[in-house]
Amino acid sequence: MSTITFADIGVERRISEVLAQRGIEQPFPVQEMVIPRALEGEDLQVKAPTGSGKTLAFGLPLIQGIPATAQGPCALVLAPTRELATQITEELAPLARARGIRTATVVGGVDIVRQAKGAKTAQLVVATPGRLIDLVRRRLIDLRQVTSLVLDEADRMLDMGFMPQVNDIVALLTTERQTMLFSATLGPQVADLADKLTNRAVRLEASGDPAASAPIGERLDQSFVACAHSARTDTLLDLLRDEDGLTIVFCRTKRGAARLAEKLEGAGLSAGALHGDLTQRQRERALKSFAQGRTRILAATDVASRGIDLDDLQLVVNFDPPEDHDTYTHRVGRTARAGRSGRAVTLVAPDQAADVGRIAARLGLDEHWADTGYAQSGPRVVYRSRGRRGPTPRPAAASRPRPPAAAGGNRVRRGSRTA
Ligand code: ADP
Ligand code: MG
């Protein structure tokens with residue numbers, strides 16, 4: 001295990017003291033790799049696994065690079081969702097404060113005038129692109145002093161959904177700036193765009209080996225469960241009843257997530273929904289209640305697949321399969337973070353077998369995939385529902401069979417978290 005300290009890689013003592021109060025004493029590999037270079041002002045494109053500590057890897061150098069006398073935004077972080085932007089601010093603000101630097105979050109769905117007041121005087125701004133452009137257009141924020149730009153979840157920020165907005169923002173910044181891109185999935189599909197945005201960036205790839213524990217593949221128990229469309233809800237209920245940690249269940253559509261949360265609640269489980277059709281206040285409430293363990297299950301769309309960091313999240317279920325391999329990586333990466341272990345289960349209907357099989361193969365999970373029965377024999381139903389109230393057979397395909405849940409003791413478990 002490395003004995004390198006934050007001081008060794010150039011982090012100021014008043015900042016490392018705040019980290020130590022949080023139990024963060026030694027840098028993770030990505031931080032060791034990135035921080036010295038970022039402090040030198042280099043442009044970087046960094047690929048490092050989910051939960052490997054990228055936020056501090058960019059956050060600490062950003063904070064230290066801001067002159068103590070600065071007025072207004074000097075450093076800008078762009079993130080794809082309001083929840084992630086808020087989380088980044090929450091993680092960085094106390095560290096920034098140790099140097100007398102103010103931080104602001106700029107995201108949609110909240111009062112723009114009040115938000116602008118905070119953003120105008122903050123030196124570090126974390127934003128989603130749409131709202132930031134709104135502020136710029138209304139002349140409520142001035143980005144001309146920004147000398148450092150970070151795109152977190154950079155591949156997402158450079159895809160079709162965000163690229164036009166990101167371009168608009170970048171056009172307002174000085175070309176003399178430092179630009180750093182971060183993601184767990186930074187592949188060739190965005191290489192050209194990434195190169196255009198950065199200036200002779202150094203490409204870094206960190207291992208997923210925080211705190212010298214096993215890489216994520218070894219800490220994450222992944223399985224694929226063959227399951228007819230009609231049997232999905234019962235299969236899910238069965239999985240959830242055996243689980244007592246926080247569980248996130250990914251759905252393809254907003255309506256799907258909303259409906260699933262209702263069904264789970266109807267079945268006596270403690271569940272909430274998180275998706276883009278909710279008001280910002282509802283989104284905040286849903287995430288907070290989940291983070292605090294008041295709701296144990298969160299049915300979510302991919303709005304929750306990137307960046308969200310919750311300590312006690314132990315199980316990720318893909319109720320609908322992810323669109324592609326990268327989405328799979330981010331969804332399951334909500335668990336097994338920072339050296340901890342976790343579990344991911346993907347439900348696979350017969351007509352989804354081919355697509356999901358390709359994802360499994362790309363991940364090198366052929367063994368787990370074979371468990372579904374699809375791999376050897378082509379699509380077939382290996383699990384059939386006998387109705388919610390009758391005896392439910394275990395999904396034959398689950399890679400880690402569990403004992404049947406005790407009768408009656410498997411419903412709502414409020415406040416069961418230890419932390
Ligand atoms: P990523 O952005 O790479 O997915 P995060 O930056 O969200 O990962 O970090 C994952 C978790 O690890 C967070 O809870 C964070 O506080 C914690 N963490 C980060 N760096 C360290 C460290 N050096 N030591 C201990 N925990 C850390
Ligand atoms: Mg992150």
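How close do the axes of helix 6 and helix 8 come, and at roughly what angle do they cross? Keep that pair in mind while the view is set up. This is a predicted model, in which local features need pLDDT of at least 70 and side-chain atom pairs count only at pLDDT 80 or more, while totals for chains, interfaces and linings use all residues. Residues are numbered from 1 along each chain as its sequence is written, and chains are lettered from A and ligands numbered from 1 in the order in which they are written.

Select helix 6 (residues 129–137) and helix 8 (residues 163–170): their axes come within 9 Å and cross at roughly 40°. Axes here are lines fitted to C-alpha atoms, for helices over the stretch in contact, and angles run from 0 to 180 degrees between N-to-C directions; helices (H or I, at least four residues) and strands (E, at least two) are DSSP runs numbered from the N terminus. The two helices are therefore oblique to each other, the term left for angles that are not under 35 degrees (roughly parallel), over 145 (roughly antiparallel) or 65 to 115 (roughly perpendicular). Pro129, Gly130, Leu132 and Ile133 of helix 6 meet Gln165, Val166, Asp168 and Ile169 of helix 8, a contact requiring C-beta atoms, placed from the backbone, to lie within 7 Å.

Next, show the open sheet of seven strands, whose order is 3-4-2-5-6-1-7 with parallel pairing; two strands pair if DSSP finds at least two bridges between them. Strand 3 (103–106) and strand 7 (202–205) stand at the edges with a single partner strand each, so one side of each has no neighbour in the sheet. From one strand to the next, the twist averages 15°. Within the sheet, strand 2 (residues 75–78) and strand 5 (residues 148–152) run parallel and are joined by four bridges, and Val77 has Val150 of strand 5 as its bridge partner.

Finish at helix 11 (residues 232–241), where seven of the 10 residues are buried, so the helix is largely enclosed by the rest of the structure. A residue is buried if 20 or more other C-beta atoms lie within 10 Å of its own, exposed if 12 or fewer, and partly exposed in between. Among the buried residues are Asp234, Leu236 and Arg241, and the covering elements include strand 8 (220–226) and strand 13 (342–348).

Methods. Two residues are in contact if their C-beta atoms, placed from the backbone, lie within 7 Å.
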